[in-house]
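Hi,

Here is the structure I promised to pass on. Have a look at it first, and then read my notes below.

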Amino acid sequence: SEMCIRDSNITNANAINCAQTVNFFKSIGLILRTEEGRYYPYSLKAETVLETLLDACRKLEIEIITDCEVTSISPDLTVHTSKGTYNADKIAVCTGGKAQPKLGSNGSGYRLLEKLGHTVTPHCPALVQIESNSKYPRIIKGTRTRCTVQVELDGKIAGKETGEVLFTNYGFSGIAIMNLSDIIARNFISENPKRCLLTIDLVPDMTADELKAHQEKFGSLKGILGTVIDNIITKQVKGDKTAVPVIAKKWRHIITGTKGYEFAQITCGGIPTEEVDKNYQSKIVPNLFICGELLDEQFPCGGFNLDFAWHSGIKSAKEIAKK
């Protein structure tokens with residue numbers, strides 16, 4: 001039911017996009033509320049957004065055909081489907097990617113557009129949990145901590161985030177992890193995946209020397225790390241307490257992959273934005289518009305991707321209306 005982006009984290013351009021999205025929904029009767037800088041439907045239910053959109057379509061006497069598979073689109077904008085053939089003046093392709101297949105996403109939009117001459121960059125799950133064969137996340141599953149995490153590929157830092165990390169029975173979750181997951185997913189779909197490590201700085205606000213001084217004074221880092229994590233690291237270093245501050249600043253875990261499209265919030269990759277104009281009209285097939293997740297345009301957690309989907313759809317619709 002989250003509708004828009006966190007205002008404190010956005011650029012001026014995204015702020016304008018967000019305002020346009022909000023104004024659009026208000027214009028069709030959807031009342032919004034804000035909580036912690038995010039916009040939500042007043043009912044706090046996603047179905048309210050859907051029903052408001054459907055009501056607007058009914059008022060405009062727009063025909064909606066469901067349970068209908070599109071098999072191909074011809075360059076002359078003839079749409080071939082399991083329920084017959086349709087001739088269109090304008091087409092907007094808004095199929096989504098491959099994330100959350102249980103909701104119907106199957107990647108068919110990529111295939112339709114590729115047949116029309118569009119490029120499809122390699123795609124993979126993104127904003128998704130990651131898997132590790134390390135035993136430590138399993139031991140402390142359910143533990144949350146705010147820390148700084150880095151992804152290392154063959155020893156080189158490929159990405160860095162600060163935020164919440166959740167230890168799980170399969171590896172790691174949390175916003176910081178989600179925001180790095182595309183780097184990990186891209187690595188594992190490559191022909192020669194690099195050795196992937198997640199390095200966790202459990203105490204980004206303190207130096208290793210400060211942690212060492214605290215441990216020397218109080219005998220442990222329980223007052224900083226918490227008893228559970230302090231005990232785990234102490235066991236890992238076989239009781240060598242001088243090593244605990246070092247591990248706390250650089251706790252390494254082998255990453256084996258992601259939880260996949262079934263758990264991903266978005267798909268990374270797709271149609272390059274260079275192949276559409278500023279109104280998201282195809283530069284290859286005139287009067288064909290491409291919106292949302294189909295485009296190779298991804299953003300971090302916080303509602304950014306959802307706002308891009310709304311914005312690209314609204315902007316395409318306005319351009320179609322002009323024509």
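Arg144 and Glu164 join their side chains in a salt bridge, at 2.8 Å from N to O. By salt bridge I mean a side-chain nitrogen of Lys or Arg within 4 Å of a carboxyl oxygen of Asp or Glu. This pair links distant parts of the chain, 20 residues apart: Arg144 sits in strand β9 (residues 144-153) and Glu164 in strand β10 (residues 156-167). Glu164 counts as partly exposed because its relative accessibility is 33%; the classes are buried for under 20% relative accessible area, exposed for over 50%, and partly exposed in between (1.4 Å probe, protein chains only).

Before you go further, note that this is a predicted model: local features need pLDDT of at least 70, side-chain atom pairs count only at pLDDT 80 or more, and totals for chains, interfaces and linings use all residues. Residues are numbered from 1 along each chain as its sequence is written, and side-chain values use heavy atoms, with hydrogens and water left out. Helices (H or I, at least four residues) and strands (E, at least two) are DSSP runs, numbered from the N terminus.

Back to the salt bridges: searching the whole structure gives five. Another of them pairs Asp201 with Lys249, at 2.9 Å from N to O. Asp201 belongs to strand β12 (residues 196-201) and Lys249 to helix α9 (residues 244-249), so this contact ties together parts that are 48 residues apart in sequence. Asp201 counts as buried, because its relative accessibility is 13%.

Asp55 and Arg58 make a salt bridge too, with their closest N and O atoms 2.6 Å apart. Both are in helix α2 (residues 46-59), three residues apart, which is about one turn of the helix. With a relative accessible area of 37%, Asp55 is partly exposed.

On to the cysteines. How many disulfides are there, taking a disulfide as a pair of cysteine sulfur atoms within 2.5 Å? The count is zero. For Cys68, the nearest cysteine sulfur belongs to Cys94 and is 15 Å away. Cys68 is partly exposed, at 24% relative accessibility. Cys94 is in no disulfide either: the nearest cysteine sulfur, from Cys291, is 3.9 Å away.

Two surface patches are for your notebook as well. Patches are made of residues with over 30% relative accessible area and no salt bridge, where like charges are joined within 9 Å and nonpolar side chains (Val, Leu, Ile, Met, Phe, Trp, Tyr) within 5 Å. Lys278, Lys315, Lys318 and Lys322 form a positive one. Lys315 is in helix α10 (residues 304-322), and its relative accessibility of 31% makes it partly exposed. A nonpolar patch is made by Leu60, Ile62 and Ile64, which together have about 310 Å² of accessible area (Shrake-Rupley method, 1.4 Å probe, only the protein chains shown counting as cover for residues). Ile64 is in the loop between α2 and β3 and is partly exposed, at 47% relative accessible area.

Last, some backbone angles. Most residues other than glycine have a negative phi. Leu77, though, has a positive phi near 70°. Leu77 is in the loop between β3 (70-73) and β4 (78-81), and it counts as buried, at 5% relative accessibility. Gln100 also has a positive phi, near 55°, and lies in the loop between β6 (91-93) and α3 (108-115).

Cheers

Terms used: Lys and Arg count as positive and Asp and Glu as negative; His and the chain ends are not counted. The place of a charge is taken as NZ of Lys, CZ of Arg, CG of Asp or CD of Glu. A disulfide is a pair of cysteine sulfur atoms within 2.5 Å.
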